[in-house]
Amino acid sequence: MMKAKDESVAGLTKGVEFLFKKNNVDYIKGTAAFKNEHDIMVNLVDGGETQIRGKNIVVATGSETTPFPGLEIDEKKVVTSTGAIALEEVPKRMVVIGGGIIGLEMASVWSRLGSEVTVVEFIGQIGGPGMDVEIAKQAQKILAKQGIKFKLNTKVTSGDSSGNTVKLEVEAAKGGKNESMEAEVCLVAIGRRPYTEGLGLENIGLEVDERKRLVIDQEYRTKIPHIRVIGDCTFGPMLAHKAEEEAVAVVEYIKTGHGHVNYNAIPSVMYTHPEVAWVGLNEKELKEAGTEYNVGTFPFTANSRAKTNLETDGMVKFLSDKKTDRILGVHIIGANAGEMIAEGTLAIEYGASSEDVARTCHAHPTLAEAFKEAAMATYGKAIHF
């Protein structure tokens, strides 16, 4: 499995290097820091350093795992997502600190490979704030059925990795009885933070906020107009495809003076088994905004393709404006949810109503029929449920 993973990573990164060459892009491998507003000093991976000058500069340094106080990351016993995809053997026990997307993805992988996995989450819901509460509850139920244990509303108070195992002390988030846990591997997945250290920002006076994110305007410019920032090291969701959209917008701003990213139509996917995917707003957000909305759902248990594939866990959920029927959010848990959410993203991008989707012919038998039926349930009635 690890060999297949390494081959995939190598093939994909070499593919990007090929595209650089094909499009006459110079690729300099090293760590960079601002010398001044136009000059960058690069410590080369192969030794030595070089200086490059840019008329326009884009900072896209990404993010790194937020460390957990008192636990030293060695990527063997105490791991981040980097170490979690490179373990040399399946640990008998694994504790995951953090029940967000990355923590749950790794928990899902190692649980299916035979590890006894426990997820410790500070708040009362898995999946983070973007995931719809109903979908999160169903995801937790399905993952628990697969063998993953959950400790919600629980905080880790201390950790010790000096021995052969990792020992943790946990208690109720609001204070309560202390409990000890022990595992061969502990995954720290409490979030990510912008990678902005060592960039020489102080040399040119660039600002970061309290979360170390580079401060930009609506056109991705810092206070130095020719220096722009995209991706995890600035505002917005830490998603590769969000960064890619911003990169295109930045180039369009530089070349034409116009660019745009629709942040209401950026999908999120959790690659567990089954997958969870969503785009747009969830019910909690709509309630907080005082928006009146309709809900339509359709379970995969009533979908013929899901039945024949023996993958009936989950459902599709639509949220639409009560007055206009415009789609406000789509939430899916089930097989291939990450692929199916593209239709929801397209619908929101073009301002579609749930009736628009419901009246669009979907091939039979497909999982996507559940998408259509959920849309039908939102403005009228699903046929097959």
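Visitor: In which segment is Phe-385 found?

Guide: Start from the secondary structure. Helices (H or I, at least four residues) and strands (E, at least two) are DSSP runs, numbered from the N terminus. Phe-385 is found in the segment after α11 (368-379).

Visitor: What ground rules apply to the model and its values?

Guide: The model is predicted, so local features need pLDDT of at least 70 and side-chain atom pairs count only at pLDDT 80 or more, while totals for chains, interfaces and linings use all residues. Residues are numbered from 1 along each chain as its sequence is written, and side-chain values use heavy atoms, with hydrogens and water left out.

Visitor: How many aromatic pairs does the structure hold?

Guide: Rings of Phe, Tyr and Trp (its six-membered ring) pair if their centres lie within 6.5 Å; planes under 30 degrees apart count as stacked, over 60 as edge-to-face and the rest as tilted. The structure holds four such pairs. In one of them, Phe-298 and Phe-385 have ring centres 6.0 Å apart and planes at 75 degrees, so the pair is edge-to-face. This pair links distant parts of the chain: Phe-298 sits in strand β18 (residues 293-299), Phe-385 in the segment after α11, and they are 87 residues apart.

Visitor: Is Phe-298 buried or exposed?

Guide: Phe-298 is buried, at a relative accessible area of 1%.

Visitor: Where does Ser-268 lie, and what does it touch?

Guide: Ser-268 lies in strand β16 (residues 268-270). Ser-268 is buried, with a relative accessible area of 12%. Not counting residues up to four places away in sequence, Ser-268 touches Leu-239, Val-276, Ala-277 and Trp-278.

Visitor: Now a loop. Where does Gly-128 lie?

Guide: Gly-128 lies in the loop between β8 (116-120) and α4 (133-145). Gly-128 counts as buried, at 17% relative accessibility. Leaving aside neighbours within four places in sequence, Gly-128 is in contact with Gly-99 and Gly-100.

Visitor: And Lys-76: buried or exposed?

Guide: Lys-76 is exposed, with a relative accessible area of 53%. The place of Lys-76 is in the loop between β5 (63-65) and β6 (78-79). Apart from neighbours within four places in sequence, Lys-76 is in contact with Leu-87, Glu-88 and Val-185. Lys-76 and Glu-369 are 293 residues apart in sequence and 44 Å apart in space, C-alpha to C-alpha.

Visitor: Step back. What is the radius of gyration of the protein?

Guide: The radius is taken over C-alpha atoms, and the globule rule is 2.2 Å times the number of residues to the power 0.38. With 385 residues, a compact globule would have a radius near 21 Å; the protein has 23 Å, which agrees.

Visitor: How many helices and strands are there, and what share of the residues is buried?

Guide: The protein has 11 helices and 20 strands. Of its 385 residues, 43% count as buried.

Note on methods. Buried < 20%, exposed > 50% of the residue type's maximum accessible area, 1.4 Å probe, protein only. Contact = heavy atoms within 4.5 Å.
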